[in-house]
Amino acid sequence: MQNTPPEIKADGPALIFGGPYSNLQATRALLAEAKRLSIPAEHIVCTGDLAAYCAEPAATIALMRESGIVVVQGNCDEQLGEGADTCGCGFAEGSACERLSDTWYSYANRHISTTDRHWLRDLPYRIDLLIGGRRLAVVHGTPSTINQFIFATSPSDLKRQELDLVGCDGILGGHCGLPFTELIGGRLWHNPGVIGMPANDGTARVWYSLLIPETSGLRIEHRALDYDHQTAARMMELENLPQGYADALSSGVWPNCDILPVRERRTQGFALSPSSVAWTNVAVGRSPSHHTSSTLLWPDVYSETLTSTAPSNA
Ligand SMILES: [Fe+2]
């Protein structure tokens, strides 16, 4: 891990997203959305994993590089950069995710250039985003582990330990593929979701976030993005990539839930609603002792559906 992470300063809205996953159509849509919102490349941050499940790793990496946006290294970027044999996602041994990763990872590994490999290898593990008077550490998994899955329902104590470790006002993380925003003792854990796969919510939409500095604090908008998922799925089928992930691009339902905690499993197929939440100045506390409570600001689907059954399309 780096001792002094690179810093970027945003004096206006910042756009955060994760997981392009070789999904060229979604990456194009995200960049078009950023242009529509007039957000400059230096205020756009990706939480990593540029090449993964989908069919166009080289073109996706090329587009990301051309765009000039800020990227932290994901586990797939690290592994591809090193020419490793596996994706390093941290899937359980013998799980369906692990078996499927043999196919998509080896495909990505065959299709990227030596130049791209070097570029991926040199991506920073952490970048600090300075926005609205706050310092936010952007990482892929956690500050301590690149492939650690942190979900909305992961224990707050675990998040608190990582926040203590990093010494910032908050953490912007990726890797798990599902968006959420939580306040832990006045500090932020935010995951914008990914653009390369849907959020397992039964819709084809993918997710990104806007962080908007305001007088009263930082506003965080979870936003859904529509894109040409039919073409992305068709490209996967042409390349004989796992059908379950190709189907997921349109159905919005992941082919398996191996990695998910129980409440995230139970809410498969429940459509998320875009939302705006506030992280007010009075709630900020970089000191571990400032506040002790934790609040999941979004989504509310986990508490609402804890005892529900999944909808029929799940
Ligand atoms: Fe990852």
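This is a predicted model: local features need pLDDT of at least 70, side-chain atom pairs count only at pLDDT 80 or more; totals for chains, interfaces and linings use all residues.
An open sheet of 6 strands, with mixed pairing, gives us a place to start. Helix α1 lies across part of that sheet, and α1 is among the elements that cover the buried residues of α2.

**The sheet**

- Reading across the open sheet, the strand order is β4-β3-β2-β10-β11-β12.
- At the edges stand β4 (70-71) and β12 (275-280); each has a single partner strand, so one side of each is left without a neighbour in the sheet.
- Strands of a sheet pair through backbone hydrogen bonds, and the pairing can be parallel or antiparallel.
- Strands β2 (residues 14-17) and β3 (residues 44-46) run parallel and are joined by 3 bridges.
- In that pair, Ile-16 stands opposite Val-45 in β3.

**Helix α1**

- Helix α1 (residues 24-36) lies across β2, β3, β10 (206-214) and β11 (217-225), and runs at about 135° to β11.
- The length of α1 fits expectation: at 1.5 Å a residue its 13 residues should span 18 Å, and its end C-alpha atoms are 18 Å apart, which agrees.
- Buried in α1 are Leu-24, Gln-25, Ala-26, Thr-27, Ala-29, Leu-30 and Ala-34.
- Those buried residues of α1 pack against β2, β3, α2, β10, β11 and α7 (229-238).
- Just after α1 comes Ser-38, with a positive phi of about 60°.

**Helix α2 and Met-64**

- An α-helix has 3.6 residues a turn, so residues three or four places apart point the same way.
- In α2, the buried residues include Pro-57, Thr-60, Ile-61 and Met-64; they cover an arc of only 95° around the axis, which puts them on the same side of α2.
- The cover over the buried residues of α2 includes α1, β4, α4 (96-111) and α5 (114-121).
- Met-64 sits in helix α2 (residues 57-67) and counts as buried because it has 20 C-beta neighbours inside 10 Å.
- Leaving aside residues up to four places away in sequence, Met-64 touches Pro-20, Thr-27, Leu-50, Ile-69 and Val-71.
- Met-64 and Leu-218 are 154 residues apart in sequence, and their C-alpha atoms are 27 Å apart in space.
- Just after α2, Gly-68 takes a positive phi of about 75°.

- Most residues other than glycine have a negative phi, and most peptide bonds are trans.
- Tyr-21 is not a glycine, yet it has a positive phi of about 55°; Tyr-21 lies in the loop between β2 and α1.
- With 28 C-beta neighbours inside 10 Å, Tyr-21 counts as buried.
- His-175, also not a glycine, has a positive phi of about 70° and lies in the loop between β7 (170-172) and β8 (180-184).
- His-175 is buried, with 29 other C-beta atoms within 10 Å.
- Trp-298 and Pro-299 are joined by a cis peptide bond, with omega about -5°.
- Pro-299 is in the loop between β13 (294-298) and α10 (301-304).

- An unreviewed UniProt entry gives the annotation "domain: Calcineurin-like phosphoesterase" for residues 23-203.
- In the model, the span of residues 23-203 is 37% helix and 15% strand, and its end C-alpha atoms lie 16 Å apart.

Notes. Residues are numbered from 1 along each chain as its sequence is written. Two strands pair if DSSP finds at least two bridges between them. Helices (H or I, at least four residues) and strands (E, at least two) are DSSP runs, numbered from the N terminus. Two residues are in contact if their C-beta atoms, placed from the backbone, lie within 7 Å. Axes are lines fitted to C-alpha atoms, for helices over the stretch in contact, and angles run from 0 to 180 degrees between N-to-C directions. A residue is buried if 20 or more other C-beta atoms lie within 10 Å of its own, exposed if 12 or fewer, and partly exposed in between; C-beta atoms are placed from the backbone. The arc is that of the directions from the helix axis to the C-beta atoms. UniProt positions are given in the numbering used here, feature names are shortened, and annotations may be inferred rather than shown by experiment. The expected span of a helix is 1.5 Å times one less than its number of residues.
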